[in-house]
Amino acid sequence: MKKMILKILLGGIIAVVLLVLVCNYIVVWSTSDAVHDNVDDIKHETWGMLLGTPPKSRYTGRVNYFYKYRIEAVAKLYKAGKIDSVLVSGDEHSLDGINEAIAMRNSLVARGVPIGIIKLDGKGFRTQASIDNTVNKFGIKSFIIISQKFHNERAVYLARHMKGVEVERVQGYNARSPHGKLSMITYAREYLARVKLFLDLLLQ
């Protein structure tokens with residue numbers, strides 16, 4: 001009986017691991033043409049869509065480098081003439097008590113992005129909500145998503161499966177990725193997020 005239970009548990013673990021790996025492979029493979037590290041590879045679009053995160057780490061209270069590098073990436077895109085406007089999408093009532101959208105707007109202005117070209121979406125509670133709001137609330141059908149590579153891959157995949165999006169014109173510009181020990185938690189969590197991505201799409 002114990003051997004049978006162990007076999008079932010082992011089989012379940014193997015199935016979960018395979019599911020995670022397959023979901024990850026599909027997302028990476030199918031978005032490789034649209035997710036870029038080099039600003040010169042980005043085609044001009046009117047809108048950049050910045051995915052939100054708090055300015056400080058929830059674990060340490062120190063600078064959140066995911067945040068810092070995303071701000072730098074938007075400023076770089078704007079100064080290179082790749083975008084004309086920015087939609088900042090974040091949680092206006094985050095767990096930290098921070099309005100992510102306003103914080104990011106203020107940081108962008110400090111980096112030389114004009115406040116007049118920035119719109120705020122404070123209802124970007126999660127990636128799916130951010131993209132849905134971009135398309136259905138703000139009527140933006142083509143845009144450059146700005147976040148780290150792992151996040152852009154999932155966001156681009158999701159955008160390509162939403163009605164109303166001009167699929168061929170959705171791109172992702174990769175902000176630098178932090179490499180600290182705590183960053184590994186975010187990267188590990190992303191594998192589960194990719195499984196949830198497919199569940200969300202099935203339930204649409």
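**Close-up views of a predicted model**

**View 1. Helix 3 and its buried residues.** Helix 3 spans residues 100–110, and here Glu100, Ala101, Ala103, Met104 and Leu108 are buried. These residues sit on the same side of helix 3, because they cover an arc of only 165 degrees around the axis. That arc is taken from the directions from the helix axis to the C-beta atoms. "Buried" stands for under 20% relative accessible area, "exposed" for over 50%, and "partly exposed" for what falls in between (1.4 Å probe, protein chains only). Helices (H or I, at least four residues) and strands (E, at least two) are DSSP runs, numbered from the N terminus. This is a predicted model, in which local features need pLDDT of at least 70 and side-chain atom pairs count only at pLDDT 80 or more, while totals for chains, interfaces and linings use all residues. Residues are numbered from 1 along each chain as its sequence is written, and side-chain values use heavy atoms, with hydrogens and water left out.

**View 2. What surrounds helix 3, and its two ends.** The cover over the buried residues of helix 3 includes strand 2 (45–51), helix 2 (65–79), strand 3 (83–89) and strand 4 (118–121). At the start of helix 3, look for Asn99: one of its side-chain oxygens comes to within 3.2 Å of the backbone nitrogen of Ala101. Just past the other end, Gly112 has a positive phi of about 100 degrees.

**View 3. Helix 4, largely enclosed.** Eight of the 11 residues of helix 4 are buried, so the rest of the structure largely encloses this helix. The buried ones are Thr127, Gln128, Ala129, Ser130, Ile131, Asn133, Thr134 and Val135. Among the elements that cover them are strand 2, strand 3, strand 4, helix 5 and helix 6.

**View 4. The largest pocket.** There's about 1200 Å³ of space in the largest pocket. Of its 44 lining residues, Thr53, Arg58, Arg70, Thr186 and Arg189 are the closest to the centre. Helix 2, helix 4 (127–137), helix 5 (149–160) and helix 6 are the elements that each give two or more residues to the lining. Helix 6 gives the most, with eight residues. Sorted by class, the lining has 15 nonpolar, 16 polar and 13 charged residues. For these classes, Ala, Val, Leu, Ile, Met, Phe, Trp, Tyr, Cys and Pro count as nonpolar, Asp, Glu, Lys and Arg as charged, and the others, Gly among them, as polar. A pocket is found on a 1 Å grid over the protein atoms alone, as an open set of points where a 1.4 Å probe fits, with protein on both sides within 12 Å along at least five of seven lines; lining residues have an atom within 4 Å of a point. Grid points are joined across faces, edges and corners, and a volume is the space filled by probe spheres set on the points.

**View 5. The second largest pocket.** This one holds about 160 Å³ of space. Its lining is made up of Asp33, Ala34, His36, Asp41, Lys43, Glu45, Arg160, Glu168, Arg169, Val170 and Gln171. By class, that's two nonpolar, two polar and seven charged residues.

View 6. Tyr25 belongs to helix 1 (residues 2–31) and is exposed, with a relative accessible area of 54%. Tyr25 and Arg194 are 169 residues apart in sequence, but their C-alpha atoms are 9.8 Å apart in space. Thr31 is in helix 1 too, and this residue is buried at a relative accessible area of 0%. Setting aside neighbours within four places in sequence, Thr31 is in contact (heavy atoms within 4.5 Å) with Glu153, Val156, Tyr157 and Arg160.

**View 7. Asp37 in its loop.** Asp37 lies in the loop between strand 1 (35–36) and strand 2, and counts as exposed at 55% relative accessibility. Leaving out neighbours within four places in sequence, Asp37 is in contact with Tyr173 and Asn174. With Asn174, the two side chains make a polar contact of 2.9 Å. A polar contact is a pair of N or O atoms within 3.5 Å; within protein, one must be able to donate a hydrogen and the other to accept it, and residues adjacent in sequence count only if both atoms are side-chain atoms.
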